[in-house]
Amino acid sequence: MHIVLMGAQGTGKGTQATILAQAYRIPHISTGDILRQAVKDGTPLGKKAQAVMERGELVSDDIMIGIVRERLARPDCEKGFIFDGFPRTIAQADAFTEAVRDRGLRLDAVVSLEVPREILLERMTGRRVCRGCGAIYHVKYSPPEVAGRCDRCGGELYQRVDDHPDAINTRLEAYERQTAPLIDYYRQRGLLKAVDGAGLVEEVAGAIKSAVAGQ
Ligand code: AMP
């Protein structure tokens, strides 16, 4: 199963991608996670990307396409993948089509998670991430058992710099301007599955599985 999961920040892409990756036993490829790891490791890529990410803007298409081509070349992508956070521009989508074809693969579905803006804002400002294992929590909707600590690994929970209000607005605008046009792009190619992402995590996961199965 080769899937792309789209949706504005806060639609639950990361959470849903993790669930689907486990269900289908395929790799979950989050370009945001790849970049955050590069920043943490202080690699040349991380140094280039850090300031752009903190402002909530998009990293250049060339850099992103390079990262994704490299990732697609790993053998675990042959049986499937779920991309989360890529592609985000038409140029990335065109390059992705080519890169997937070059590997002899075919995209099965593009799922677009749709959630009203007020809910997105509430979800993002309450989001906390584990510094150790990357697990995602919400102060109100999925709090950890011990405040500020990860249930899985005991790591410290933090708020991403780009989950602060100014960066959130920049990111939502970037989504509307640069990424929302991809919905039409994939609709025209017969790949789009629009799914209501406002419900409970398990309900949304079920809706995505049905949408993908019905392709
Ligand atoms: P995310 O975790 O997907 O929200 O990504 C966090 C940040 O990483 C974004 O706000 C961008 O700065 C950068 N980023 C992640 N994926 C992409 C992409 N496909 N194109 C450009 N920038 C990206």
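**Ligand shell and nonpolar cores**

Colleague: Which classes of residue make up the shell around the ligand?

Modeller: In this predicted model, the shell has six nonpolar, six charged and five polar residues.

Colleague: And which residues come nearest to the ligand?

Modeller: Of the 17 residues around the ligand, the nearest are Thr-31, Arg-36, Glu-57, Gly-85 and Gln-92.

Colleague: Which helix gives the most to that shell?

Modeller: Helix α2, residues 31-41, gives the most, with four residues.

Colleague: What lies 2.5 Å from an oxygen atom of the ligand?

Modeller: That is a backbone N or O atom of Glu-57.

Colleague: How much of the ligand's accessible area does the protein cover?

Modeller: The protein covers 97% of the 480 Å² that the ligand has on its own.

Colleague: Changing topic, which residues touch the most other members of the largest nonpolar core?

Modeller: That core has 36 residues, and Leu-72, Phe-81, Phe-83, Phe-96 and Tyr-186 touch the most other members. Elements that each supply at least two residues of this core include β1 (2-6), β3 (81-84) and α5 (90-102).

Colleague: What does Phe-96 touch?

Modeller: Leaving out residues up to four places away in sequence, Phe-96 touches Val-4, Val-68, Leu-72, Phe-81, Phe-83, Phe-86, Pro-87, Leu-107 and Tyr-186.

Conventions. Residues numbered from 1 in each chain as written. Predicted model: local features only at pLDDT ≥ 70, side-chain atom pairs only at ≥ 80, totals over all residues. Heavy atoms only, no water. Near = heavy atom within 4 Å. Polar contact = N/O pair within 3.5 Å; in protein donor to acceptor, adjacent residues only side chain to side chain. Areas by Shrake-Rupley, 256 points an atom, 1.4 Å probe, with all protein chains shown as cover. Nonpolar A, V, L, I, M, F, W, Y, C, P; charged D, E, K, R; others polar. Core = buried A, V, L, I, M, F, W, Y, C linked by side-chain atoms within 4.5 Å. Buried < 20%, exposed > 50% of the residue type's maximum accessible area, 1.4 Å probe, protein only. Contact = heavy atoms within 4.5 Å.
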